[in-house]
Amino acid sequence: MNSKDFIGESSGTLATSFWDNRTLDVWEIPFGRWIEEIVFWLTTHITGFLDAVKWPVDQLLRLIIDNLLQTWLPWPIVLLLFFLLGLTTRNALVGLGSAAGLLICGLLGNEYWDLTMETVGMIIVAVIICTAIGIPLGILAARVDSFWSRLRPVLDGMQVIHPFVYLLPIIFLFGVRRTPGVLATLVFALPPIVRLTNLGLRQVPAEVVEAARAFGATESRVLREVQLPLARPAIMAGLNQTLLLSLSMVGIVAIIAGGGLGKPILTALNTADIPVGASAGAGLYFVGVLLDRISQPDDTVDRRSLFARMRSAWTTRSEPQVPPVPGLEPDAEVPPPTEETAPASLTSPQALGAVAALGGGLVCAFSALLTWGNDAGLLSGWARFDDNDLAGAHSGLDATGGSWFGILFGFVGLTVAFGGAAALWSPRSRAKFIASASAFFAGGLMLVSLIVAYLSVAPRGDNYSHGTGAWMALGGALVVLAGGAVAALRAPSEGDVARVGITEVIGIAVLTLFLVFAGASGSWLLDQRSDAAQIAAELAAEAEGVNQGGLAAELLAEALSQTRRVTVRGLDAAGPQIGYVVLALALIGAAAALVRLVRRYALQRFGGLVMFGTGCAITAIGTAWIATYVRLATPALGPGASAFLTAIGGLILAARGWRASAVQ
């Protein structure tokens, strides 16, 4: 026996239990099924919207490719038009080179001429749409800093994600062929023109803009006659980068039958056909050169080859360095005072909140160890047939009890208790969030929401009853929430009144609708099990002999096993009905956003704090639901996509509430 066999025998117990890598397959997060469920819903319910998005792109492609380039205009006219285009935008040499490049593409064969025209048309359509969308977005981003801060992560995602990744949802939503290919190209090629338009406008000297305003020019006139002309080199550079990235997508789009010169290139790769690949590659090279030279600014000094410029476009797709906005430079740092001031003593409301957090948090943590359910599994009964009649007591940490609702509840309870103790015995920690009234209030909201969500789940077992631990948990959570609310409402209300715009209220309203329709009323369980499994289990239990029961179960399962797809929604009368808690929290968050319209600092800050707390609570409920059913690891059953969307929506609400409440 070698050493490897000895190790395998001595550690067999560990290797086949928790520490085995195969355990990860049992605790699989069904992210792929969530995306599949979302795609199915979109293709079923928003077909009209998808057609509306696809229609203008399809019409432009038909007009430019099918009608203009391939039917109406003969090849000499096309050569003449590109010569005039190069002459107008650059010079006669560029015009002649453009016409010569297209002529070579035509001399490769009639088929290559049609494919060349299709490629040129697809690139022209993509660049037109990118320009129509990107320049206005860049102008808005340059003039509104808050919009730019929100747009920048979106552009980062569009650039970092590989095109193959978002080809899949585009195929599922829009199908295949050239129109979905152009839509995929838009996602990939749009960010450069947005970023460089924003950069060019921000680099316009502030003195020039102020001089135009001093002479009485309106903002629209300053934009049209001062900023845009001075930012033209940067905008044209963005247009050139967009064109190069659109050209680089030709081969990728061919994978979804997008057509153009990418089609023979893909065919040559699959069949190792050297003549076809060489001819298509030469045609694509000449198309890229002529479009690149036409779109370059007049004063360019970049003499690199096309491939070098395309490689640069790929490697420099990240955000360009944007200088600070004139007039908005950060203030100089104020040196800290040399003498330390003594920390302020706790006020009565702060002391009450800290004591409530300490006592209530300890009660919550202890209650998670007690009985949360009797004689059945409240949550596990929706995944396991046998758990609907499971005798005994189940604690808040058991898979058949509170599961991850109890685990998160106990963890938050310990955290809140630690914050209360720190506020009482460590004066320096009161300035930190963990020991502040805001933390006590947000923690109380999370605790109450978690235990109420657990108590509101409809049981499937007739003998189920809540245990004493669940009711003790509710009492401790209410103590933490009440103390945190008093401390937060009586907190000092010093500071300027925050400016709340109508756009923020509209954003919260849209987020609330998302949580209501995509979260609360959506799917929380996706059951693809066969009814034969339950019937077979009952037959096996009622059979006199084990062999007879096993044989009956096997035959019945084979006869009745059929793939099904049952979606259990959060508001269904026959479902767990956990969506009602998410619905209530979403409405509370929306009401808190409306409270922020009141021109009082204390109410606005408290409204933001409520938004933060409810967002954290919604995220905790969605996360606990997902983790609970991942822990149960029931084949063909898992958490629905709405639980995932609920967690994401709660994070967004919590982030907006954090900024609004200015939590320190």
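1. Contact here means heavy atoms within 4.5 Å. By that rule, and leaving aside neighbours within four places in sequence, S367 is in contact with W372, F409, G469, M472 and A473. S367 lies in helix α19, which covers residues 348–367. Helices (H or I, at least four residues) and strands (E, at least two) are DSSP runs, numbered from the N terminus. S367 is buried, at a relative accessible area of 0%. Buried stands for under 20% relative accessible area, exposed for over 50%, and partly exposed for the range in between (1.4 Å probe, protein chains only).

2. Basis of the values. This is a predicted model, in which local features need pLDDT of at least 70 and side-chain atom pairs count only at pLDDT 80 or more, while totals for chains, interfaces and linings use all residues. Residues are numbered from 1 along each chain as its sequence is written, and side-chain values use heavy atoms, with hydrogens and water left out.

3. The open sheet. Three strands make up an open sheet, in the order β2-β1-β3, with antiparallel pairing. Its edge strands are β2 (393–395) and β3 (465–466), each of which pairs on one side only. Two strands pair if DSSP finds at least two bridges between them. Strand β1 (residues 371–374) is joined to β2 by three bridges, and the two run antiparallel. N374 has A393 as its bridge partner in β2. Helix α22 (residues 468–489) packs on the sheet and touches β1 and β3. The direction of α22 makes about 140° with that of β1. Axes are lines fitted to C-alpha atoms, for helices over the stretch in contact, and angles run from 0 to 180 degrees between N-to-C directions.

4. Where does D398 sit? Its place is in the loop between β2 and α20 (403–425). D398 is partly exposed, with 32% relative accessible area. Not counting residues up to four places away in sequence, D398 touches S403 and R631. The C-alpha atoms of D398 and G373 are separated by 9.9 Å, and these residues are 25 apart along the chain.

5. Strand β4. Residues 523–527 form β4, and five of its five residues are buried. Which strands does β4 bridge to? Four bridges join β4 to β5 (residues 566–569), in an antiparallel run. Three bridges join β4 to β6 (residues 637–639), also antiparallel. L525 takes part in both: its bridge partner in β5 is V568, and its bridge partner in β6 is P639.

6. Salt bridges, overall. Side chains of opposite charge can pair when their charged atoms come close. The rule asks for a side-chain nitrogen of Lys or Arg within 4 Å of a carboxyl oxygen of Asp or Glu. The count comes to eleven salt bridges.

7. A link between helices. D156 forms a salt bridge with R195, with the closest N and O atoms 2.4 Å apart. The pair links distant parts of the chain, 39 residues apart. D156 is in helix α9 (residues 145–160), and R195 is in helix α11 (residues 178–202). Are the two ends buried or partly exposed? D156 counts as partly exposed at 27% relative accessibility, whereas R195 is buried at 2%.

8. A network. R143, E210, R213 and E219 are linked by salt bridges into a network. Within it, the side chains of E219 and R213 meet at 3.1 Å, N to O. E219 is partly exposed, at 37% relative accessible area. R213 is partly exposed too, at 33%.

9. A pair inside one helix. R221 forms a salt bridge with E225, and the closest N and O atoms are 3.1 Å apart. Both are in helix α13 (residues 219–230), and because they are four residues apart there, about one helical turn separates them. R221 is partly exposed, with a relative accessible area of 44%. E225 is partly exposed as well, at 48%.

10. A nonpolar patch. I77, L80, L81, L84 and L87 make a nonpolar surface patch of about 390 Å². Patches are made of residues with over 30% relative accessible area and no salt bridge; like charges are joined within 9 Å, and nonpolar side chains (Val, Leu, Ile, Met, Phe, Trp, Tyr) within 5 Å. Accessible areas come from the Shrake-Rupley method with a 1.4 Å probe; for residues, only the protein chains shown count as cover. L81 has its place in helix α6 (residues 75–89). L81 is partly exposed, at 43% relative accessible area.
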